[in-house]
Amino acid sequence: ARREWRPSNSLLVVDNVDTIPVPPAPNQPDSVQLVSLQADRVGRLRPDSSFVPDTGPYQVQLRVERNADGQWRISSPPPEMVISRGSFTHDFMPVPIYFSDPDRTRVVPDLRYVVSKPESTLPRRVIELLTAGPSATFRDAMSSELPPGIDPKTNVSEADDAALVVNFSDLGDLPLESRRIIAAQVVLSLQSVSKARVRLQEEGVPLLPDKQELWPSDVMNFEHANNVRADLPGLAVADERLYTLDQRARTIPGPAGDGGEYKVVQAAQSADGSELAAVTRTSTGVELRIGPYGEAMPATQLRGSFMSRPTWRGSDEVWTVVNGHDVHRAVHNGDTWTTSPVDVSEFAGNRLIKELRLSHDGTRAVGVVDGRIVVAGVVQQNGRFALRHPVTLGSPRAANITGVDWLSDKSLVATTDSNSSPVMEVSVDGFEWTEYASANLNQPVNAVTVGPGRRVVVSDQSGLWEAGDSDAVWSLLDGWRSLPGQSGGSIPFFPG
């Protein structure tokens, strides 16, 4: 059976494994036994070493036989390789592999898993994943500055002076900026598996003319990291006006803060803080307005009965969900904002989209679709945008997901309708789910946002609460204590 077994090239991860002997059949030899293996599906490690969730029961009946040495051996192996969650966590390690963003000026992570032993082979495995390109989920959303078919000319190895040598074959006539992106891809991808400085070469000579050896700090400026500017306090919608999320909780200047012309129900601030996008109430529904912070915000052509909280892509592009099924983007063209639909047929089909949040790097989108988290790549083809290759992350303990935002470039934070787990941290591939403390929070939790330093702010009926990490106790924002009529049900948000 061992010689003839040809399992599929993916790895099924299961949990809660149990083996149950099957009553013997008539005339079954004592050296043969049937065993029912039962477990819960967790997900699959795909051939490209990326993880995708998979749910439901797993059951297979195995025939085991006792050999001449008295040892029991499987004689009818299943068609797939199966590993318990505990063994997978012990034997595999998550590694972000970095690729370039659509502008080819920065790098973003694509989470993969590699066998953790022996440690000496980890750098080689990481470079193999890097040269193979992005995973199936993000293959159309990310790219690599490494030319196709390029591999290390020699094995990735540690030199006598402890530097890690990565020596590529001839890369061709690449501009210096592309070489700097390659350096960032390599060094940031290796930082999870090696603490050594990287000696990056092409045909045995330095890849960069001004830097023969690199540390992660040398290329950190190429990483998006999904950070929020620390000098911007954040904002909140309350009583159809916009307030600052600071200790004074004052209304912002202009019509979005005075409660007169604009009746704001949702809003978003650009990453640099200079622009606002607001969903405002009209006599027949809602419309999207965009304009400079503190100034007039002209209406766009987008109207509907419902719009999700807008989300910025760069400094001149805003996306929102209209009427729960359509996604539109508004793009700044000179003095006006023009709108166009986004293809979400793969992302949602006919299902209800409650929220949509773009990563700050613009390569990925996460949404709440029929109470589940869905992640997809942002793809541009022939001037049209689409959300492609979606992966449903599910939800824990059959709870419904009510809100989501990007916690970092590799993880998310989500709210649920569960009393015991109202807020969860989720890895971007759905493998890890970590509960935040539930003390002080009451359902329903209306909104979630992430500020500088991964500071999470949520809203429930008693006010706005913040926590620095999953173990922290939720504390009420001081400035909002003075606004009892406006704190409950308010919608906080940070730039992005």
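User: What does the side chain of glutamine 269 reach at 3.2 Å?

Analyst: That side chain reaches the backbone oxygen of glycine 273. Keep in mind that this is a predicted model. Glutamine 269 belongs to strand β16, which covers residues 264-269.

User: Why does glutamine 269 count as buried?

Analyst: The cut-off for buried is a relative accessible area under 20%. Glutamine 269 has 4% relative accessibility, so it counts as buried. Leaving aside neighbours within four places in sequence, glutamine 269 is in contact with residues including Leu235, Tyr293, Trp312 and Phe493. Glu275, Leu276, Pro495 and Gly496 are also among the contacts of glutamine 269.

User: How many residues lie between glutamine 269 and serine 315 in sequence, and how far apart are they in space?

Analyst: The two are 46 residues apart in sequence, and their C-alpha atoms are 9.7 Å apart.

User: Now a helix. What should the 15 residues of α3 span at 1.5 Å a residue?

Analyst: The expected span is 1.5 Å times one less than the number of residues. For helix α3 (residues 176-190) this gives 21 Å, and the end C-alpha atoms are 21 Å apart, which agrees.

User: Is α3 mostly covered or mostly open?

Analyst: Mostly covered, with twelve of its 15 residues buried. Among the buried residues of α3 are Arg179, Gln185 and Ser189, along with Ile181, Val186 and Leu190.

User: Which residues does serine 189 touch, not counting those up to four places away in sequence?

Analyst: Serine 189, in helix α3, touches Val95, Pro96, Ile97, Tyr98, Val126, Leu130 and Ala184. The relative accessible area of serine 189 is 0%, so this residue is buried. Its side chain reaches the backbone nitrogen of tyrosine 98 at 2.9 Å. A polar atom of that side chain also lies 2.6 Å from the backbone oxygen of glutamine 185.

User: How many residues does the largest nonpolar core have?

Analyst: The general idea comes before the case. In soluble globular proteins, nonpolar side chains tend to be buried together. Here the largest nonpolar core has 54 residues, and those with the most contacts inside it are Val166, Phe168, Val186, Leu190, Leu200, Ile373 and Leu412. Helix α3 gives the most to this core, with eight residues. Apart from this core lies another, of 17 residues, among them Trp319, Ala365, Val378 and Phe385.

User: What does valine 166 touch, not counting residues up to four places away in sequence?

Analyst: Valine 166 touches Ile127, Val156, Val186, Leu190, Val198, Arg199, Leu200 and Gln201.

User: In which sense do strand β25 and β26 pair, and over how many bridges?

Analyst: Strands of a sheet pair through backbone hydrogen bonds, either parallel or antiparallel. Strand β25 (residues 364-369) and β26 pair in the antiparallel sense, over six bridges. Glycine 367 has valine 374 of β26 as its bridge partner. The two strands form a hairpin with two residues between them, and aspartate 370 in the turn has a positive phi of about 50 degrees.

User: How many bridges join β26 to strand β27?

Analyst: Eight bridges join β26 to β27 (residues 384-394), and the strands run antiparallel. The hairpin of β26 and β27 has two residues between the strands, and asparagine 382 takes a positive phi near 55 degrees. Strand β26 (residues 372-381) is largely enclosed by the rest of the structure, because seven of its ten residues are buried.

User: What is the order of the open sheet of four strands?

Analyst: The order is β32-β33-β34-β35, with antiparallel pairing. β32 (447-451) and β35 (475-476) stand at the edges with a single partner strand each, so one side of each is left without a neighbour in the sheet. Strands β33 (residues 455-460) and β34 (residues 463-467) run antiparallel and are joined by five bridges. Valine 457 has glutamate 466 in β34 as its bridge partner.

User: And what is the order of the open sheet of three strands?

Analyst: The order is β15-β14-β36, again with antiparallel pairing. Its edge strands are β15 (241-244) and β36 (491-493); each has a single partner strand, so one side of each is left without a neighbour in the sheet. Neighbouring strands of this sheet are turned by 25 degrees against each other on average, direction ignored. Strand β14 (residues 235-238) and β15 pair in the antiparallel sense over four bridges, and the bridge partner of alanine 236 in β15 is tyrosine 243.

Conventions
Residues numbered from 1 in each chain as written. Predicted model: local features only at pLDDT ≥ 70, side-chain atom pairs only at ≥ 80, totals over all residues. Heavy atoms only, no water. Buried < 20%, exposed > 50% of the residue type's maximum accessible area, 1.4 Å probe, protein only. Pairing = 2+ DSSP bridges. Core = buried A, V, L, I, M, F, W, Y, C linked by side-chain atoms within 4.5 Å. Contact = heavy atoms within 4.5 Å. Polar contact = N/O pair within 3.5 Å; in protein donor to acceptor, adjacent residues only side chain to side chain. Axes fitted to C-alpha atoms, helices over the stretch in contact; angles between N-to-C directions.
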